[in-house]
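Me: I have a model open and want to talk through how its parts pack. Can we go through it piece by piece?

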Amino acid sequence: MKKARLLDPHCEAILQEYQDNLPRFREVEQEVKDKLRQTLADAGLLVAAIESRVKGYDSLAGKLELKGHKYKSLADLTDILGLRVITFYIDDVDKVASAVERLFDIDWENTVDKRKIHEIDSFGYLSLHYICSVPGFPYRFEIQMRTLLQHAWANMDHDTGYKSGVEIPKRYLRNMSRLAGMLELVDDEFSKIRIELTDYRRRVQALVRSGNLDEVSIDGDTFRSYLELEPFNQLNKRIAAMNQAEIQEVPLMPYLAVFKALGFKTLGDISNLIKDYSEGAYQIACYQIGLTDLDIISSSIGPQDLCIAYILKMGGGKAGIKYMFDQLNGESESNDLMAEMLLEQSKDLPFMKK
Amino acid sequence: MEIKINTQDSLTTAQLIGRLDTPASQEVSGDFDNLAQYAAGTIVLDCTELEYISSSGLRLFLSLRKAAASKGGKVIVKAINKDIRSVFMMTGFLNLFEIQD
């Protein structure tokens with residue numbers, strides 16, 4: 001619903017120009033958003049949200065009513081089309097900014113890094129705004145870039161009327177500033193954690209590559225790096241060769257819980273398992289599929305049979321194997337049946353007698 | 001080998017009846033292609049009356065699972081008998097599927 005407003009002819013002309021170009025604004029909105037989304041995705045940059053909007057008729061009329069004399073034409077208004085990229089991390093704001101610089105023409109004269117114009121003793125609206133344009137479209141648009149926490153602050157801030165110009169008692173202003181300062185610290189801390197984690201992962205990968213597996217404790221990151229070395233490949237290929245079977249690659253991360261449950265502490269422990277129990281695992285596989293015509297196996301056959309061989313040899317018995325299947329497949333009575341079957345099949349295998 | 005497919009909203013149930021050996025797998029591969037159309041939802045392979053599965057049958061199950069993974073759906077293997085369960089275990093595919101008793 002358009003509200004009835006009394007605007008002078010100059011402002012009416014701007015409004016008319018806006019209405020004439022509205023469909024084109026919407027098209028450019030979509031184009032810019034798609035380009036941004038694609039570029040960030042290609043760069044592997046995960047963001048919390050990309051928002052956009054074209055200013056509504058009433059909002060523009062209201063703005064013109066207040067300060068229409070400031071603008072010669074619609075082209076002087078840079079916020080008819082606005083986009084916002086909300087990042088998870090503070091250092092991603094600059095990465096998004098450099099993507100925006102590559103994608104669009106930036107009006108540097110009117111672009112403000114609000115993060116830098118703060119007084120030394122003030123906190124609050126930290127956000128990066130670029131005024132941009134694209135060839136073939138005569139109007140500029142704005143792209144705001146901020147973190148989730150900056151976004152949260154900006155929204156709360158808006159809601160409390162902090163920026164409305166209405167006099168607000170000093171103690172509330174002080175509280176708002178304290179909050180803003182805290183959020184800024186939290187953003188920095190999140191960033192630090194990410195940097196430290198990346199660093200940790202790099203160090204672990206280097207240790208795994210160099211073969212110092214006894215020094216690497218088992219967790220999700222280290223196990224994933226270890227799997228990249230395809231440690232079970234040799235055993236899998238040996239088992240597959242029995243029936244000229246194809247090996248289907250499947251995720252092996254579920255075995256992390258099994259290795260932990262078996263009490264393994266370092267990647268060296270898994271490496272030793274492969275060294276000491278591959279023969280037992282192979283014997284189990286031979287017994288099970290050697291006399292069948294099954295010619296497809298999964299890449300988890302190696303770790304599965306290694307764990308079975310280890311559990312049986314260590315005296316874990318039926319309960320131990322059932323526990324392993326419970327970890328992998330969820331608890332079920334059928335796991336009990338399979339454990340019993342495995343126990344029966346394996347008891348006369350050579351590795352059990354050694 | 002017979003497959004009865006029943007679809008209701010995002011849940012598709014396929015009743016597998018008989019022996020899924022190599023010739024039967026070729027016979028029903030068209031049915032599995034049809035099933036893959038519903039891979040964005042949940043597909044239950046009801047194996048109550050499935051007596052046997054060969055490598056070719058396993059491949060059909062796997063390609064259906066792949067289709068579901070790429071479309072955000074899932075495949076549930078329901079009520080497999082002891083022999084079929086041991087085929088899944090011996091080949092290392094047991095934990096790849098959600099198996100319901």
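**Helix packing and contacts**

Reply: Start with chain A, where helix α1 (residues 9–42) packs against helix α3 (residues 90–103) at an angle of about 125 degrees, the axes being 10 Å apart. Bear in mind that this is a predicted model.

Me: Which residues make the contact?

Reply: On α1(A) they are Lys35(A), Leu36(A), Thr39(A) and Leu40(A). On α3(A) they are Val96(A), Ala99(A), Val100(A) and Leu103(A). By class, six of the residues in this contact are nonpolar, one is polar and one is charged.

Me: Next, α5 and α6 of chain A. At what angle do they pack?

Reply: Helix α5 (residues 170–210) and helix α6 (residues 220–227) of chain A pack at about 40 degrees, with their axes 10 Å apart. They are therefore oblique to each other. Here too α5(A) passes α6(A) in a right-handed crossing.

Me: And which side chains are we looking at there?

Reply: The contact involves Tyr200(A), Arg201(A), Val204(A), Gln205(A) and Val208(A) from α5(A), and Asp221(A), Thr222(A), Ser225(A) and Tyr226(A) from α6(A). Sorted by class, the contact of α5(A) with α6(A) has four nonpolar, three polar and two charged residues.

Me: Now the interface. How many residues of chain A and chain B are in contact?

Reply: 27 residues of chain A contact 19 residues of chain B. The area buried between the two chains is about 2,000 Å², and carbon and sulfur atoms give 61% of that.

Me: How many salt bridges cross the interface of chain A and chain B?

Reply: Two. The side chains of Arg59(B) and Glu246(A) also meet in a salt bridge, 2.8 Å from N to O.

Me: Which helices pack between chain A and chain B?

Reply: Helix α12 (residues 333–346) of chain A and helix α3 (residues 82–90) of chain B pack at an angle of about 70 degrees, with axes 11 Å apart. That makes α12(A) roughly perpendicular to α3(B). The crossing of these two helices is right-handed.

Me: Which residues meet in that contact?

Reply: Ser334(A), Asn335(A), Met338(A), Met341(A) and Leu342(A) of α12(A) meet Arg85(B), Ser86(B) and Met89(B) of α3(B). By class, this contact has four nonpolar, three polar and one charged residues.

Definitions and conventions:
Residues are numbered from 1 along each chain as its sequence is written. Chains are lettered from A and ligands numbered from 1 in the order in which they are written. This is a predicted model: local features need pLDDT of at least 70, side-chain atom pairs count only at pLDDT 80 or more; totals for chains, interfaces and linings use all residues. Side-chain values use heavy atoms; hydrogens and water are left out. Axes are lines fitted to C-alpha atoms, for helices over the stretch in contact, and angles run from 0 to 180 degrees between N-to-C directions. Helices (H or I, at least four residues) and strands (E, at least two) are DSSP runs, numbered from the N terminus. Contact means heavy atoms within 4.5 Å. Ala, Val, Leu, Ile, Met, Phe, Trp, Tyr, Cys and Pro count as nonpolar, Asp, Glu, Lys and Arg as charged, and the others, Gly among them, as polar. Buried area is the accessible area (1.4 Å probe) that two parts lose on being put together, summed over both. A salt bridge is a side-chain nitrogen of Lys or Arg within 4 Å of a carboxyl oxygen of Asp or Glu. Angles under 35 degrees count as roughly parallel, over 145 as roughly antiparallel, 65 to 115 as roughly perpendicular and the rest as oblique. A crossing is left-handed if the near helix is turned anticlockwise from the far one by less than a right angle, and right-handed if clockwise.
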